Amino acid sequence: MLLTINLVQAQSPPTNGPASVADLAEGLMGAVVNISTSQSVETPSRNKPPRNSPDGAPFQEFFDDFFQDRGEGGSNPSRNVSSLGSGFVIDPDGTIVTNNHVIQDADNIEVIFADGRRLKAELLGADPKTDLAVLKVEPEEPLVSVPIGDSTSMRIGDWVMAIGNPFGLGGSVSIGIVSAIGRDINSGPYDNYIQTDAAINRGNSGGPLFNMNGEVIGINTAIISPSGGSIGIGFSVPTELAENVITQLRDFGETRRGWLGVRIQPVTEDIAESLGMDKAKGALVAGVITDGPVDGIMQAGDIIIKFDNKNVVTVRDLPRIVAESPVGKEVNVEILRKGEMQTIKVELGRLEDGEKKLAEANGVDEPLAEEDTRQVLELMGMELTEITEALREEFGISEDVNGVLINAVDEGSKAYNKEVEAGQVIVEVAQEEVKKPEDVQKVIDKLKADGRRNAFFMIANQTGELRFVTLRIE
């Protein structure tokens, strides 16, 4: 008996967790709403089920929202489907936040409150890049609302609470902790999710994640689950990212993000070593958009170390920092250019305007017939040659792409393993422009003499899009 008592005492649960969140939940339930949408979709057969969620939902195969058939008869060319999600009120006048994929393509949106009231909602604006949407209802009296908190103050292990409409069961509360921060789940360009083990299921989309002060610090958006139910891996958009988007959608009906006008790639350990950097950090400029904000100011090969006094630790940091900066703002940018630190001033454009400039057609002029008298050089697993008009035609290389042509690549070579392909063009080596194969050889010989172990190549594809590759010097 004593052994049994001691064993029970040894297995008693710890007491340092929150004993109850009943008071906290009671004060917040009135501000969390169910979102019901309906949509008319075409279907060729009554037996064919409707699609489970709007295209573009993060982790769509794991996090589809409910739809149900409301059609009558089997002969109609379309059917009405409905979706259930969650949302929360952020001001007493009726502004409501939810996920974009909850309301995307909806013909009608209805908000259902905890007391059973139903109000028609107007879509003020939506942002697929962060999967956020803002709705507006017209209440007869002020609504219960919840404050937006500071997600940057959250630490791994902090308690959080989710309230939402899982599986259509409105007003459901679950509790857990912050499992991780800064998660990238490849759902969009600004991924910076809070990961939590608080139970999040289908229908929780768009619902709030609260801290223990009753402040919203995340918007529940996605889960990973082989079964469709919670396995303790859920993701919330942090308010650090969401707050500015919500404000813009509410005020303008659209986002107004800053735009730098560059293509970037990561600074790998190999690239850092080849450039003489003591640590891999920053974002490497792989190309500058013509007529963009930094055309003529930045160059391919620049490494952005700081933007507007904010450190750019990895390539993921830069798009988010730039997007959150005001359009038209002049900022200082610290760059590493050809081994020297420089500070340049740039004025940001608007991303939504800049996106229209990114799709540019590259034409190829009629080539002139000529005799093939090119010089060929075998180097580092690549066959290099000068670009002739005949080769431009053969490989489809744009007229504005110049350098040394990679005519062939040996399978199994270091260049082959770095996805270097025939038809690509070497523009620079070690940030020195090259025009002929012997130019490449001279730079490589110089790097060897300087004791360098890697060569830093700027390579263009047939349309002129640049990327950087480091190859080990034999």
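Colleague: Which residue in β7 stands opposite Thr 98?

Modeller: In this predicted model, Thr 98 has Ala 133 of β7 standing opposite.

Colleague: And how many bridges hold β3 and β7 together, and in what sense do they pair?

Modeller: Strand β3, which covers residues 95-99, and strand β7, at residues 132-136, are paired over five bridges in the antiparallel sense.

Colleague: Is β3 buried or exposed?

Modeller: Five of the five residues in β3 are buried, so the strand is largely enclosed by the rest of the structure.

Colleague: Changing topic, which strands close into the barrel?

Modeller: Six strands close into the barrel, taken in the order β8-β9-β10-β13-β12-β11 with antiparallel pairing, and the twist from one strand to the next averages 45°.

Colleague: How many bridges are there between β9 and β10?

Modeller: Three bridges join β9, residues 172-183, to β10, residues 193-196, and the two strands run antiparallel; within this pair, Val 178 stands opposite Thr 196 of β10.

Colleague: Which strands does α4 lie across?

Modeller: Helix α4, residues 239-252, lies across β12 (216-223) and β13 (234-238), and the helix runs at about 50° to β13.

Colleague: What about the surface, which residues make the nonpolar patch?

Modeller: Trp 159, Ile 175 and Met 212 make a nonpolar surface patch of about 240 Å², and Met 212 is placed in the loop between β11 (208-210) and β12.

Colleague: Why does Met 212 count as partly exposed?

Modeller: Because its relative accessibility is 31%, which falls between the limits of under 20% for buried and over 50% for exposed.

Methods. Residues are numbered from 1 along each chain as its sequence is written. This is a predicted model: local features need pLDDT of at least 70, side-chain atom pairs count only at pLDDT 80 or more; totals for chains, interfaces and linings use all residues. Side-chain values use heavy atoms; hydrogens and water are left out. Two strands pair if DSSP finds at least two bridges between them. Helices (H or I, at least four residues) and strands (E, at least two) are DSSP runs, numbered from the N terminus. Axes are lines fitted to C-alpha atoms, for helices over the stretch in contact, and angles run from 0 to 180 degrees between N-to-C directions. Contact means heavy atoms within 4.5 Å. Patches are made of residues with over 30% relative accessible area and no salt bridge: like charges are joined within 9 Å, nonpolar side chains (Val, Leu, Ile, Met, Phe, Trp, Tyr) within 5 Å. Accessible areas come from the Shrake-Rupley method with a 1.4 Å probe; for residues, only the protein chains shown count as cover. A salt bridge is a side-chain nitrogen of Lys or Arg within 4 Å of a carboxyl oxygen of Asp or Glu. Buried means under 20% relative accessible area, exposed over 50%, partly exposed in between (1.4 Å probe, protein chains only).
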